[in-house]
Amino acid sequence: MAHAVEIKDLHKSFGDLQVLKGIDFTVDQGQVVCVIGPSGSGKSTLLRCVNLLEQPTRGKVVVGGVELTDPDVDIDAARRRLGMVFQSFNLFPHMTVLQNVMIAQRRVLKRKKDEAERIARENLDKVGVGAKCDAFPPQLSGGQQQRVAIARALAMDPDLMLFDEPTSALDPELVGDVLSVMRDLARDGMTMLVVTHEMSFAREVADRVVFMDGGVIVEEGPPDQVIGNPQHGRTRTFLRRVLDPTHSQDDEASATEPLDA
């Protein structure tokens, strides 16, 4: 059976800066894969290359059997199958919550108004903000705005959801509500590729965890292995810093371990 996502020898450079240096991995239908790693490791760039918000320098990205890196691909049609949730919410402040979730359905999928409204309300209910349909984004908390952004992506009936650190801009007390919505999506069988710094979420929900550093995949496997019993020195150093910041100064020397350690 074909993979939901297949990435082969993916490279991305910005001028002389190599951000991705030959990434290879797959995501199967219904799987949740969490990508973790330090800032600057290439995680967000990887996600943006999957839906061609960034054009890969070389390599292949295949989603749902369609090669997005094929020069002849209908990228707009292919992107309709991908939902993306960013760190920032990117909601239109002058539109109501309901209008925000309807607009892409109407303009991209050409749904009639009644159908778009029904689907918008269903998905807003699903993420727990159905009562906020008539509110405007500035009237909502960050967590509520992020849940609206998730509802907007779900309303497009995606085959794959991409999350780029969806809780990083939120106050700590608002993070749980967004992660709860993502847990529900995972239980419902949504295929998800998640860049996150929430280790407890990755350990609980992910089928596989990918640890990136320096533009390469250093280690990947089940969460109990990668987070619970990492084999690579770089992974251990990162996790000690994330899970127990008091170790950060002690780990400065080990952070320079070569990647083949």
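# Helix packing, salt bridges and buried positions

Helix α3 (residues 97-107) packs against helix α4 (residues 113-126) at an angle of about 125°, and their axes lie 9 Å apart. That angle makes α3 oblique to α4. The model described here is predicted.

**Packing of α3 with α4**

- Two packed helices are described by the angle between their axes and the distance between the axes.
- The crossing in which α3 passes α4 is right-handed.
- On the α3 side, the contact involves Val-97, Leu-98, Val-101, Met-102, Gln-105 and Arg-106.
- On the α4 side, the partners are Lys-113, Glu-115, Ala-116, Glu-117, Ile-119, Ala-120, Arg-121 and Leu-124.
- By residue class, the contact of α3 with α4 comprises eight nonpolar, one polar and five charged residues.

**Packing of α4 with α5**

- From α4, the contact is made by Asn-123, Leu-124 and Lys-126, while α5 supplies Val-148, Ala-151 and Leu-154.
- The residues of the contact of α4 with α5 fall into four nonpolar, one polar and one charged.
- Leu-124 of α4 is named in the contact with α3 and also in the contact with α5.

**Salt bridges**

- Side chains of opposite charge can pair when their charged atoms come close.
- One of the pairs joins Glu-204 and Arg-183 through their side chains, at 2.9 Å from N to O.
- This pair links distant parts of the chain, 21 residues apart: Glu-204 belongs to helix α7 (residues 199-205) and Arg-183 to helix α6 (residues 172-187).
- The side chains of Arg-187 and Asp-184 also meet in a salt bridge, with an N to O distance of 2.4 Å.
- Because Arg-187 and Asp-184 are three residues apart in helix α6, they are separated by about one helical turn.
- Arg-187 is exposed, at 61% relative accessible area, whereas Asp-184 is partly exposed at 31%.
- A further salt bridge pairs the side chains of Glu-54 and Arg-48, at 3.7 Å from N to O.
- Arg-48 counts as partly exposed because its relative accessibility is 27%.

- With a relative accessible area of 9%, Ala-206 is buried, since the cut-off for burial is under 20%.
- Not counting residues up to four places away in sequence, Ala-206 touches Val-32, Cys-34, Phe-201 and Pro-223.
- Between Ala-206 and Pro-223 there are 6.6 Å in space, C-alpha to C-alpha, although the two are 17 residues apart in sequence.

Key
Residues numbered from 1 in each chain as written. Predicted model: local features only at pLDDT ≥ 70, side-chain atom pairs only at ≥ 80, totals over all residues. Heavy atoms only, no water. Axes fitted to C-alpha atoms, helices over the stretch in contact; angles between N-to-C directions. Helix = DSSP H or I, 4+ residues; strand = E, 2+ residues; numbered from the N terminus. Parallel < 35°, antiparallel > 145°, perpendicular 65-115°, else oblique. Left-handed = near helix turned anticlockwise from the far one by under 90°. Contact = heavy atoms within 4.5 Å. Nonpolar A, V, L, I, M, F, W, Y, C, P; charged D, E, K, R; others polar. Salt bridge = Lys/Arg side-chain N within 4 Å of Asp/Glu carboxyl O. Buried < 20%, exposed > 50% of the residue type's maximum accessible area, 1.4 Å probe, protein only.
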